[in-house]
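I opened my notebook today to look a few things up in a protein structure. Here is what I was looking at, followed by my entries.

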Amino acid sequence: MQGRNKIPVVTIILAAINVLAYGYVEWKGSSYDADFMLQMGAVYEPFILENHEYYRLITHFFLHFGFEHLVNNMVSLIILGYALENVMGRVRYIVLYFLSGILAGVTSIVYNVVAGNEYAVSCGASGAVYGLTGALLVLLIVGNRGRRTSEVTRYILFIGLSLYSGTQDISIDNAAHIGGFITGFLICLLMSKKKRMEVTYES
């Protein structure tokens with residue numbers, strides 16, 4: 001696979017910020033307290049649309065409800081970041097990550113308003129992480145173009161199972177996952193037209 005010889009510095013910094021944010025939240029209060037998480041910057045439709053607190057569309061993906069939530073997202077972030085950061089380039093990678101996280105939050109708000117759950121409190125890096133998942137799919141498709149391999153099919157199956165498993169838990173913000181994935185896929189697709197980027201797994 002191309003681009004794996006360098007340390008993914010941005011990914012490490014993003015993971016460190018998430019860990020520090022979690023530590024700060026637990027020091028000041030509790031990551032399981034929805035009201036306190038609102039104070040810390042979680043997504044909450046009335047505060048964003050009525051109070052114009054748009055910063056929440058960024059702060060929410062550096063916050064997590066509990067240690068398990070944090071660990072699951074950080075493991076995924078590090079694995080995907082290791083695969084993507086040096087292939088994409090740090091600037092493109094940062095743009096992809098932040099736009100995926102922001103639009104995941106927007107998707108969550110839109111869905112909850114339509115579903116009548118506008119008072120839902122949401123946070124977590126998973127929307128941004130799913131953006132990386134979508135980006136990796138694009139680069140695998142590009143990298144395996146014209147090759148006889150089951151890698152892309154297996155990865156799509158993995159994504160499908162991951163999204164499906166999320167639907168089995170009502171506490172999971174699946175709208176954010178889907179919004180982040182679609183955003184990451186489309187942004188990386190556009191980026192790949194401007195710069196040759198690809199990844200392949202053959203070993």
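**Entry 1: a pair in helix H8**

I began in helix H8 (residues 151-167), where glutamate 151 and arginine 154 are three residues apart, so about one helical turn separates them. A reminder to myself before going on: this is a predicted model. I looked up the pair and found that glutamate 151 forms a salt bridge with arginine 154, with the closest N and O atoms 3.0 Å apart. I jotted down the general idea too: side chains of opposite charge can pair when their charged atoms come close.

Next I asked myself: is glutamate 151 buried or exposed? Its relative accessible area is 14%, and buried means under 20%, so glutamate 151 is buried. Arginine 154 has 48% relative accessibility, so I noted it as partly exposed.

While in H8, I also checked isoleucine 156, which lies in that helix. Isoleucine 156 is partly exposed, at 44% relative accessibility. I then picked glycine 23, which is 133 residues away from isoleucine 156 along the chain, and found their C-alpha atoms separated by 34 Å.

**Entry 2: the other salt bridges**

How many salt bridges does the count come to? I got three.

Glutamate 53 forms one with arginine 56, and here the closest N and O atoms are 2.7 Å apart. I wrote down that both glutamate 53 and arginine 56 are buried.

Arginine 90 forms a salt bridge with glutamate 85, with 3.6 Å between the closest N and O atoms. For these two I looked up the accessibility as well. Glutamate 85 is at 0% relative accessibility, so it counts as buried. Arginine 90 is at 40%, so it counts as partly exposed.

**Entry 3: two histidines**

I moved on to histidine 52, which sits in the loop between helix H3 (45-50) and helix H4 (56-59).

Histidine 60 is in the loop between H4 and helix H5 (67-88). With a relative accessible area of 5%, histidine 60 is buried. Which residues does histidine 60 touch, not counting those up to four places away in sequence? My list reads Gly41, Ala42, Val43, Gly101, Gly105, Ser122, Cys123 and Gly124.

**Entry 4: helices H7 and H9**

Then I turned to a pair of helices. H7 (residues 126-143) and H9 (residues 174-194) pack at an angle of about 40°, and their axes are 6 Å apart. That angle makes H7 oblique to H9. I also noted that the crossing of H7 past H9 is right-handed.

Who meets whom there? On the H7 side I found residues including Tyr130, Leu137, Val138 and Ile141, and on the H9 side residues including His177, Phe181, Phe185 and Leu189. Sorted by class, this contact of H7 with H9 has 11 nonpolar residues, nine polar ones and no charged ones.

**Entry 5: asparagine 174**

My last stop was asparagine 174, which is found in helix H9. Asparagine 174 is buried, with a relative accessible area of 17%. Leaving out residues up to four places away in sequence, asparagine 174 touches Leu163, Gly166, Thr167 and Asp169.

Conventions. Residues numbered from 1 in each chain as written. Predicted model: local features only at pLDDT ≥ 70, side-chain atom pairs only at ≥ 80, totals over all residues. Heavy atoms only, no water. Axes fitted to C-alpha atoms, helices over the stretch in contact; angles between N-to-C directions. Helix = DSSP H or I, 4+ residues; strand = E, 2+ residues; numbered from the N terminus. Parallel < 35°, antiparallel > 145°, perpendicular 65-115°, else oblique. Left-handed = near helix turned anticlockwise from the far one by under 90°. Contact = heavy atoms within 4.5 Å. Nonpolar A, V, L, I, M, F, W, Y, C, P; charged D, E, K, R; others polar. Buried < 20%, exposed > 50% of the residue type's maximum accessible area, 1.4 Å probe, protein only. Salt bridge = Lys/Arg side-chain N within 4 Å of Asp/Glu carboxyl O.
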